[in-house]
Amino acid sequence: MRTTEHPTVPPRHSSPGSDAGRVTRIVVVGGVAGGMSCAARARRLDESVEIIVLERGAHVSFASCGLPYYVGGEIADVESLLVQTPERLRAALNLDVRTGCEVTALDPAARQVVVRTPHGEDRLGYDALVLSPGAAAFRPAIDGLDSPRVRTLRTVEDAVVLRKSVESGARRAVVLGAGFIGLEAAEALAQQGLSTAVVELAEQVLPQLDAEHAWLVEEELTRLGVEVHTGTAATRVVVGPDSDTVVLDDGTQLPADIVVLAVGVRPDTGAFEAAGVRCERGAIVVDEHGRTSLDRVWAVGDATVSIDPVTGVRRPVALAGPANRAGRLVADAMLRPDSARPIPQPLGTAIVRVGRLTAAMTGASRAALDTAGVDYVTLHLHPNQHAGYFPGSAQIHLSVHVRAGDGLLLGAQAVGVDGVDKRIDVIVTAIRARMAVTDLIDLDLAYSPPYGQAKDAVNLAGMVGQNVLDGTLRLWYPQELETVLESALVLDVRSRDEVRTGHLPGSLNIPHTELREHLDDVAAAAVGRPVRVLCASGVRSAIAHRVLAQAGFDSASLSGGMLTLRAALGRDASRVLRTGEPPQPALPPDHRPDQAPNQTPKESS
């Protein structure tokens, strides 16, 4: 073993996380997002400090988020994925970047790391140590994962092997895991013409999403020709001479020339936890400046614990953006501790493209809020991404979670073919600023017919939120459907033609434009029960609710209307909904329903 000695300055005190003392050598363990942003920032702050980056892989700075698009052929040249090379980093920033070097142990008393290098084992001293080991792909305990046809999609080498398999004639692929990386891989392989199946243990794809949004993504996967298996898991991979077979716990057998393992990741921190770095469920615990429990040791990125700013839950956030920003701030904490800003708590904002659709989320989901015991209200909207009269208008399926009482923004999710990223990014900013939903009304967003509406989707969310908070609008939700069908009158205020395509059993159909003439019929049908109103998207039912509420009915409007209900029901929609003619009140002899006006108001709050 070789030892690279390095004199260090004793700390002024020995409290955990102390960063006192002159820093002359910084050692960064792990490159890519967190580690490289820290190293680059440290160099810009101090030309005199020695900075060594140890990366166990072949590439220290690459576009990990671009890997699926290389597999799918949209990124043609693998060199495009290499953001920086050791040579360029030395020339531009005087960084000593060493690839193929894996840190296997940490000696905090001696302030040294043990490094396995291509030339043998080494010991390297440090004044300040930054841990950015990232996360490793989780490998479930099932037989057959050692097959050469089973790959993760975490490195450039992974992407190159998968691309070569595709170009060599692979025809069938199975993706284990339907999270963001799993779906990006499935889209890429389907785009290359492979017969592709996705397997997910949860009951839906993208388990991070609320069910009504996840179903829209699953429908798009089906349109792309991807075979979706949810609520099931692989039990083994049967390895054959030319191809494999993935066996599921429901007995399904999926032939595969390629198997992509994307069932999740785990913080890669074993060596550091063994050295005394405090961890929770394998993730490194850090303070607001990235300091660990050990003196002069910081940590950033996927392997660290973050606090959810909405629910307070402590969890890792495996996303490139937060890792990049944290790396910069850790460099500040090491070299400019008196002026360093704290690392912000990440909201977990994420986005994925699946075929024609984009799905995005920020903040807390409904499941996270339920688990944390937060009292909240969900708003569902389906506005167009730009003016309806301008060519190419399409709906954004948007939900916003707000705290009951004061309307504090807690989270948002959206799915659509266009404009999803813009709306989620605006709401991210609003959540970060601790704005209430009513503050969204006043945002002066850019408007022109090709780009938005005079009342943007974000503004509309604010208006709906205000109506709910002040009692103007009362909502009911798909999760209440069973209770509603048993104890309330469902009033469907869509047109006759819309209702024929699918309605709830036992519902009464009165188009919203005719409701005022038939309040007695509603009362007769309700026989003292509450009235629960629905339409296609929630606009007309909100109008009907106001009519009913002011007439003394116990009324509520279905959040998001039939669009949300169908998505929430998913595969059960065909079982629950009825087609054909629903019950409707007797009409005056001269009434001609087919000529009754029944247009959805384009802009209503």
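1. Overall size. The protein chain has 605 residues and a radius of gyration of 28 Å, which agrees with the value near 25 Å that a compact globule would have. The radius is taken over C-alpha atoms, and the globule rule is 2.2 Å times the number of residues to the power 0.38. Along the principal axes, the C-alpha atoms fill a box of roughly 100 × 60 × 40 Å.

2. Basis. This is a predicted model, in which local features need pLDDT of at least 70 and side-chain atom pairs count only at pLDDT 80 or more, while totals for chains, interfaces and linings use all residues. Residues are numbered from 1 along each chain as its sequence is written, and side-chain values use heavy atoms, with hydrogens and water left out.

3. Content. The protein chain holds 17 helices and 35 strands; these are DSSP runs numbered from the N terminus, with helices (H or I) of at least four residues and strands (E) of at least two. Of the 605 residues, 54% are buried, where buried means under 20% relative accessible area with a 1.4 Å probe, protein chains only.

4. Parallel sheet of 5 strands. This open sheet has the order S12-S19-S13-S14-S15, with parallel pairing; two strands pair if DSSP finds at least two bridges between them. Strand S12 (150–151) and strand S15 (227–230) each have a single partner strand, so one side of each is left without a neighbour in the sheet. Strand S13 (residues 172–176) and strand S19 (residues 258–261) run parallel and are joined by 4 bridges, and Val-175 has Val-260 in S19 as its bridge partner.

5. Antiparallel sheet of 3 strands. Here the order is S16-S17-S18, the sheet is open and the pairing is antiparallel. The edges are strand S16 (234–239) and strand S18 (253–256), each with a single partner strand, so one side of each has no neighbour in the sheet. On average, neighbouring strands are turned by 20° against each other, direction ignored; the axes are lines fitted to C-alpha atoms, and angles run from 0 to 180 degrees between N-to-C directions. S16 pairs with strand S17 (residues 244–248) over 5 bridges, and Ala-234 stands opposite Leu-248 in S17.

6. Strands around S34 and S35. Strand S34 (residues 531–534) is joined to S35 by 3 parallel bridges; Val-533 has Ser-557 as its bridge partner in S35, and Arg-532 stands opposite Ala-556. From S34 the chain crosses through helix H15 (residues 539–550) to S35 in a right-handed β-α-β crossover. Right-handed means that, with the strands pointing away from the viewer, the path from the first strand over the helix to the second runs clockwise.

7. Further partners of these strands. Strand S32 (residues 489–492) runs parallel to S34 and is joined to it by 4 bridges, with Leu-491 bridged to Val-533. Strand S31 (residues 475–476) pairs with strand S35 (residues 555–558) in the parallel sense over 2 bridges, and Trp-476 stands opposite Leu-558. Both faces of S34 are covered: Val-531 and Val-533 on one side, and Arg-532 and Leu-534 on the other, are all buried.

8. Ring contacts. The count of aromatic pairs is 0, using rings of Phe, Tyr and Trp (its six-membered ring) with centres within 6.5 Å. Which ring does the charged end of Arg-163 sit over? That of Tyr-70, at 4.3 Å from its centre. Arg-266 lies over the face of Phe-138, 4.1 Å from the ring centre. The criterion is NZ of Lys or CZ of Arg within 6 Å of the ring centre and within 35 degrees of the ring normal.

Methods
Rings of Phe, Tyr and Trp (its six-membered ring) pair if their centres lie within 6.5 Å; planes under 30 degrees apart count as stacked, over 60 as edge-to-face and the rest as tilted. Buried means under 20% relative accessible area, exposed over 50%, partly exposed in between (1.4 Å probe, protein chains only).
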